[in-house]
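Please consider the model shown below. The paragraphs after it proceed from the overall fold to the contact between its parts.

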Amino acid sequence: MPLELFLDLYSPPCRAIYIFAKKNGIPFEFRSVELGRGEHLKPEFLKVNPLGKVPALRDGDFLLAESVAILLYLSRKYQTAPYWYPPDLQARARVDEYLAWQHTAIQLPAANVYLCKSLLPHFSGQPVDTVRLDRLLGKLKPALQHLDQEVLAAKPFLATEQVSLADLMAFTELMQPTAVGCDLFRDWPRLAAWRARVEAALGPELVQNAHKLVLQPRDPRDAQQDPRLAQELVHRLQERLS
Ligand SMILES: N[C@@H](CCC(=O)N[C@@H](CS)C(=O)NCC(=O)O)C(=O)O
C-alpha cells in the first residue's frame, strides 16, 4: 500500500505537504478530506487523526498528524535534497527554530484572518466583521515585521541561504489571507521579494496548482447544501475567533 496523505488543499499546512511531496517525487495516494463538507469530523477520518485535523499521513499501519512532523518524516524517509532540512548542526537548528516559532506567530493568526475574512462569511451568510478582521490582522503584524526587517535583512531565505522547510511552511501560511484579499506582502518589500524567490524555487506551476482552490471564490451554494453542518461550522468558528 503506498503512503497516504489526507489533505484538503484549502489548508496551508496541507499545501506545504502536497508541494513537498510533488516537488520531491514522493509517491503518495491523495486522500481528500473536505473540511467544508465536515469530512474531518466523520468517524472514518477520526480513526486516522482523532484530533479531526488535516494534514494526516498513513504509512502502512503508522499514523501521523501535524504538518511539521509529517514534513520531517517524509524528508527522512525519502532522503530529500539536504537544503530542505540541512544536516549541518546550526543550519538545521535555524530551520527548527522557525518551525517551532511559526505555529503561534504565523500559523494561528494567519488562519484566523482567513477564517474571519472568508470561511465565516461563507457559512454564516453574514458580511465580514471588519473590526474583528483589523484586530486579527494586527496580531500578525509583529511576526511580519520581524521577518521583513530582521530575518530577511540578513539572508535571502528564512533559515539558510537556500529554500528550506521553513520557507515552504511560511509561504503556504502567508498565502492564505493573501488569497482572500488580505495581502500580507503589500507593506513588506523584503517579504514580497522573498515570496517571489520561494515561488521560483518551488516552481510556479506547482505553486499555482496547489493554490488553485484557495485562489478561487467559494460558491455560496456549497454552504447551503447541509444547513446543520453549516450551523455547526459557524458555531466552531465563532468560538475560535471570539
Ligand atoms: N498545527 C497543525 C494544524 C492543523 C490544523 O489546524 N488544520 C486545520 C486546517 S488548516 C484543520 O484541520 N481544521 C479543522 C478543525 O479545526 O476543525 C498542523 O500544522 O498540521
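Predicted model: local features only at pLDDT ≥ 70, side-chain atom pairs only at ≥ 80, totals over all residues.

Residues are numbered from 1 along each chain as its sequence is written.

The protein contains ten helices and four strands, where helices (H or I, at least four residues) and strands (E, at least two) are DSSP runs numbered from the N terminus. Their order from the N terminus on is β-α-β-α-β-β-α-α-α-α-α-α-α-α. The radius of gyration, taken over C-alpha atoms, is 18 Å, close to the 18 Å that the globule rule gives for 242 residues, so the protein is as compact as a globular protein of that length. That rule is 2.2 Å times the number of residues to the power 0.38. Along its principal axes, the C-alpha trace spans about 50 × 45 × 30 Å.

An automatic or database domain assignment gives domain 1 (4-77) and domain 2 (89-236). Their C-alpha centres lie 18 Å apart. In total, 16 residues of domain 1 are in contact (C-beta atoms, placed from the backbone, within 7 Å) with 17 residues of domain 2. On the side of domain 1 that touches domain 2, helix H1 (12-23) and helix H3 (67-77) are the elements that give two or more residues. The largest share, nine residues, comes from H1.

Helix H1 also holds Lys 22. Between Lys 22 and Thr 104, the C-alpha to C-alpha distance is 27 Å, at a sequence separation of 82 residues.

Methods: Contact = placed C-beta atoms within 7 Å.
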